[in-house]
Amino acid sequence: MDRKTYKTSETVDFVVVGSGASGGIMARELARAGNSVVVMEQGPRLAPHEFEHDELKYPQLSGITNNPATNPQSFRRDPQQKAQTARGRNPLTYARVVGGSSAHFNANFWRLHEIDFIEGSRFGSIEGASLVDWPITYAELEPYYTKVEWEVGVSGLAGASPFDPWRSKPYPMPPLPVKSSGVLFERGARKLGLHPFPAPLAINSMFYKNRPPCAQCGLCGGFGCEVMAKSSSVWTVIPEAEATGRCEVRSESYVFRIGMSAAGRATGVHYFDRDRKEQFQKARAVVVCANGAETPKLLLNSATNAFPDGLANSSGKVGRYLMFNKGGGAMARFEHPLNEYKGANVTRILHDFYDSDPKRGFYGGGGFDARSGGPLTWGQSVPEGTPTWGPKFKEYLESYTYWMNCSGHGTSLAQETNRVDIDPELKDAWGVPAIRVTYKDHPDDVKHAKWQVERAVEIMDAAGAVQINPGDVGEASGGVHLLGTCRMGNNADSSVIDKYHRTHDVRNLFLCDGSSMVTSGRGQPTQTIEALAFRAADFIARFARANEI
């Protein structure tokens, strides 16, 4: 297929910054609505066969993720500290490739529940945190959750969990086959009176929209899908956007500043092309879908005389309220081999503990799933007390197939001091001021994670594990769920965007990704990010038709 291209001198209707879970959807919806669209993506565009299952290159050496050697970040726990430049892996990790982190996600697709949108009203204030209601409800987002499942492709079993929120339509595909870990997890959970159910996954369990079912390769999390069974934007909505003839995906194009007019309107984006030459793409409007790290970074680096603290930042909230999703779990060894190196990473989950319960003595809720990691990751994660050489180490390595993980995924409270801002000294390989991360877990997040460890141990014990290693709960030093840094709200003094994802300060500048989220949800945010993108695109297209941008 010949792909549409635009000249930088042409003024397109929309520039979309980022091609991931939200950016791909935004591009498709705006192009289908008749608009000209250019999608800017920092990283390269890879064909299916170019993705690799290299456990050293991808998780350890930044194969397709932001590399600290070229995209450095600094980290500190307290605003009074001097941030230290990260080594080995950046604290905020995301894919740098067409498809964004949807190319390498685990593909767990949980909807938020009704409670997630009204926790401020339900629980009131929590010391040290900003727990507030969303400006939208589950009912408003439900049609778009359904649209994600049917347009992008999700496997699951509607009604399998008594705790699921209501839905207007079942899943389009049945669940993927259960793995050994799922069987054992389900056995232990049911003995305790819990309600495990098939995991909803953005992975094909059958042929769907001309893409094949999962090949059961065993390496999903952190890796691209060579058979295109994973419902990543690079295989789903991006080709559909391009098929309109009105959308160009411009890979290896690093946007570093949003252009602004004297009248306070966005005029396009400044970016480096693949030869690191500075370019400017004109646009009538800009939609930033760059993730919860890069979106605030771009706004802050786009400061002007009229916006000295960064674009859309009259509230001072750009970059604040960073959330990761805190969780705790346990590793368990069983009598017989589980062969967890095969199949999708997760096949069974439970949501019995989804809601926060004041009886626990702290805020926090979440879910559990059964999963495993790759063999190289296993070999590098040697438990304390295990020899790292010799026969005992060999026995540990060879025991890999007998182990599984019961993982808890939970909430992180929004705190104003947890933030993304710009390091005053550090710059990346392009000379762009780099991200500085300030983050410290709220005490309730730590208490909840430790509580989850206890529940995971109980489930694995009930499942018949012969050895259980409870997980350590330490202070977070980074994450991959990058949420809340440009939160939505009705009040321009306390939020960055309105409920339609328009920035309060700049009429033709929109933001939509994990940064939009007001609370963290319970551990798996991607389906919500995609539902928000479908909803935002719907409204933005209406504004464009009505000449209200």
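Ala 312 sits in the loop between H6 and S10. Those labels need a word: helices (H or I, at least four residues) and strands (E, at least two) are DSSP runs, numbered from the N terminus. Please keep in mind that this is a predicted model, where local features need pLDDT of at least 70, side-chain atom pairs count only at pLDDT 80 or more, and totals for chains, interfaces and linings use all residues. Residues are numbered from 1 along each chain as its sequence is written, and side-chain values use heavy atoms, with hydrogens and water left out.

Back to Ala 312. Its phi is positive, about 60 degrees, although Ala 312 is not a glycine. Why mention that? Most residues other than glycine have a negative phi. Is Ala 312 buried or exposed? Ala 312 is buried, with a relative accessible area of 2%. Buried means under 20% relative accessible area, exposed means over 50%, and partly exposed is in between (1.4 Å probe, protein chains only).

Gln 216 also has a positive phi, near 60 degrees. Gln 216 lies in the loop between S5 and helix H5, residues 237-242. Gln 216 is partly exposed, at 30% relative accessible area.

Now the sheets. Strands of a sheet pair through backbone hydrogen bonds, either parallel or antiparallel. Here, two strands pair if DSSP finds at least two bridges between them.

Take the six-stranded sheet. It is open, its pairing is antiparallel, and the order is S5-S11-S12-S13-S10-S16. Which strands stand at the edges? They are S5 (197-198) and S16 (467-470). Each has a single partner strand, so one side of each is left without a neighbour in the sheet. Helix H9, residues 443-462, packs on this sheet. H9 touches S10, S11 (348-350), S12 (366-371), S13 and S16. Contact means heavy atoms within 4.5 Å. The direction of H9 makes about 145 degrees with that of S13. For such angles, axes are lines fitted to C-alpha atoms, for helices over the stretch in contact, and angles run from 0 to 180 degrees between N-to-C directions.

Look inside that sheet. S10 (330-333) and S13 (403-410) pair antiparallel over four bridges. Arg 333 stands opposite Trp 403 in S13.

Next, the four-stranded sheet. It is open too, in the order S4-S3-S15-S14, and its pairing is mixed. S4 and S14 (419-427) are the edge strands, each pairing on one side only. Helix H6, residues 294-301, packs on the sheet and touches S14 and S15. The direction of H6 makes about 60 degrees with that of S14.

Where does the mix come from? S3 and S15 (433-438) pair in the parallel sense over four bridges. In S15, Thr 438 is the bridge partner of Arg 76. S3 and S4 (84-85) run antiparallel, joined by two bridges. There, Phe 75 stands opposite Gln 84. S14 and S15 are antiparallel as well, over five bridges. Val 420 stands opposite Val 437 in S15.

One more point on S3, residues 73-76. Both of its faces are covered. Gln 73 and Phe 75 are buried on one side, Ser 74 and Arg 76 on the other.

Last stop: the loop between S2 (37-40) and S3, where we find Leu 56. Leu 56 is partly exposed, with a relative accessible area of 42%.
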